[in-house]
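Dear colleague,

I am handing over the structure below, together with some notes on one residue and on the sheet beside which I discuss it. Please read the notes with the coordinates open.

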Amino acid sequence: MIGLFDRMARPLLGLMEAENAHRVAIQGLKVLPRGPGPTDDARLSVRVFGLNFPNPVGMAAGFDKHGEVPDALLRLGFGFVEVGTVTPRPQPGNPRPRLFRLPADEGVINRLGFNSEGAQAVLVRLAARAGAGGLVGVNVGANKESQDRIADYVSLIETFAPVASYFTVNISSPNTPGLRDLQQGRLFDELLARVVDARARVSRQAGLTPLLIKIAPDLTLNELDDIVGAARRRRVDGMIVGNTTVARPPGLKDRGTAKEAGGLSGRPLFGLSTRMLAETYVRAEGAFPLVGTGGIDSGSGALAKIRAGASLVQLYSSLVFRGLALVGEIKVELVKELTRNRHAGLPELVGVDAAAMTAESWPR
Ligand SMILES: Cc1cc2nc3c(=O)[nH]c(=O)nc-3n(C[C@H](O)[C@H](O)[C@H](O)COP(=O)(O)O)c2cc1C
C-alpha cells in the first residue's frame, strides 16, 4: 500500500509547488485505508522517557503541524509521531512562498513561521483519537505577537497534557523573530522552571508527561554547555538535536534557492546536526536521552545518529525526495546491523562514537 501510494503520488508531488504538494500529501494520508501497521522486530523497541517505542524512527515536527494524520503516519510504520508546532492562538505564519526544495542537495528551506490552526483545533483532533494507542508527542511554540512567550508554553502544556505522549518545547525555530533568544542564559532557565512547574501541576490529572527541549544546531559550544547544564539542573526528560539551520554550507549546489531566508534541513544538515548531537551527548553524561534529527535519509544515517548519542531519531525532509517507503527501509537496515553484530538491541549502540566524534574537525 505504501509502495503504491509512493510510486503513484511522489512524481506528481515533485512537480507541484512545495507547500501545495505537502497539502496534497496530508489529504492523501487522510484517506489511507485503516488497519494495523507493520509489526516491528522486537529488537527495535526502545524504552526511554518512561515510554515504550516500538521502533526508534519518528516523524519529526512540522509535517503534521495541526494533528490531522498522526494515526496514518503510525500505520505507515513510524514508531512515534510529533505533531506541531502548535501555538496557543491560530496564526497564519509568513507570506507564501515560504517552503523551497533544493533537489540537487536533497535539502529543504522553510520559513513557514509557525503557521498553526491553534491549540483548540489540534486539541479536538487529538482528543478524538484518545485511546487509539501509539505515541504522539506535541511540539509547542509561542505566538509571534505574544507579550509573554513563556506563558504560551505553559498554557499549551496545561491544554495538551491529557492527550500528549510527550511534549517538545520548541525554542529553536529560526522563523519566529527572537524565539531562539529563549535558549540563552537566564531566560532559558526561567523557561525551564516555568514549564517544569506547569508539567508538575497538570500531572495530578494527566500523569507526568515527559518534557523534551528542541535546540538549534547553530548554538556555540559555550551556549550548549549552559543549555545542557540548565536542563540537567531542572531535570528535563530529554532533548531533540535539533532544528533546522540558518547556516548555508559552502558546498550547496542549488545556489539560487539556497539564498532564500529560512531554516535549512535535509541532507546538507546531517554533518552539523550529528556533530551537535555528539556534543550534547558527552555533556549530558547520561542524565537524559536524546533524539537525533537532521538529514537522516538511510539506515546508515539513522545508525550514525544512534552511535552519536541518539536513543531515538526523527526525519522529515528526506521523505520529500525518497518517499514514505524510506521508513521501512531504515528499520530493515537497523535490524540487519543488529543481526550482523549480534546486538540484543539498539541501546547497546547509543553514543558509542560520541566522544571520538567530538575530536574530529568541525563539519562544514
Ligand atoms: C517544512 C518544514 C517544517 C518544519 N516545521 C517545524 C515545526 O513546526 N516545529 C519544529 O520543531 N520543527 C520543524 N521543522 C524541523 C524538523 O522537525 C526537523 O527538526 C528538521 O527538519 C531536521 O530534520 P530533517 O533534516 O530530517 O528534515 C520543520 C522542517 C521542515 C522541513
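Predicted model: local features only at pLDDT ≥ 70, side-chain atom pairs only at ≥ 80, totals over all residues.

Asparagine 175 itself belongs to the loop that lies between strand E8 (167–170) and helix H6 (185–206). Is asparagine 175 buried or exposed? With a relative accessible area of 11%, asparagine 175 is buried, because the cut-off for that term is under 20%.

Leaving aside residues up to four places away in sequence, asparagine 175 touches Asn94, Asn110, Arg111, Leu112, Gly113, Gly262 and Gly263. For arginine 364, which is 189 residues apart from asparagine 175 along the chain, the separation of the two C-alpha atoms is 23 Å.

Turning to the sheet, its three strands are arranged in the order E5-E6-E11, and the sheet is open, with antiparallel pairing. Strand E5 (99–102) and strand E11 (263–266) stand at the edges and have a single partner strand each, so one side of each is left without a neighbour in the sheet. On average, and with direction ignored, neighbouring strands of this sheet are turned by 25° against each other.

Strand E6 covers residues 107–110, and four bridges join this strand to E11, the two running antiparallel. Which residue in E11 does isoleucine 109 stand opposite? Isoleucine 109 faces leucine 264 there.

Note on methods
Residues numbered from 1 in each chain as written. Heavy atoms only, no water. Pairing = 2+ DSSP bridges. Axes fitted to C-alpha atoms, helices over the stretch in contact; angles between N-to-C directions. Buried < 20%, exposed > 50% of the residue type's maximum accessible area, 1.4 Å probe, protein only. Contact = heavy atoms within 4.5 Å.
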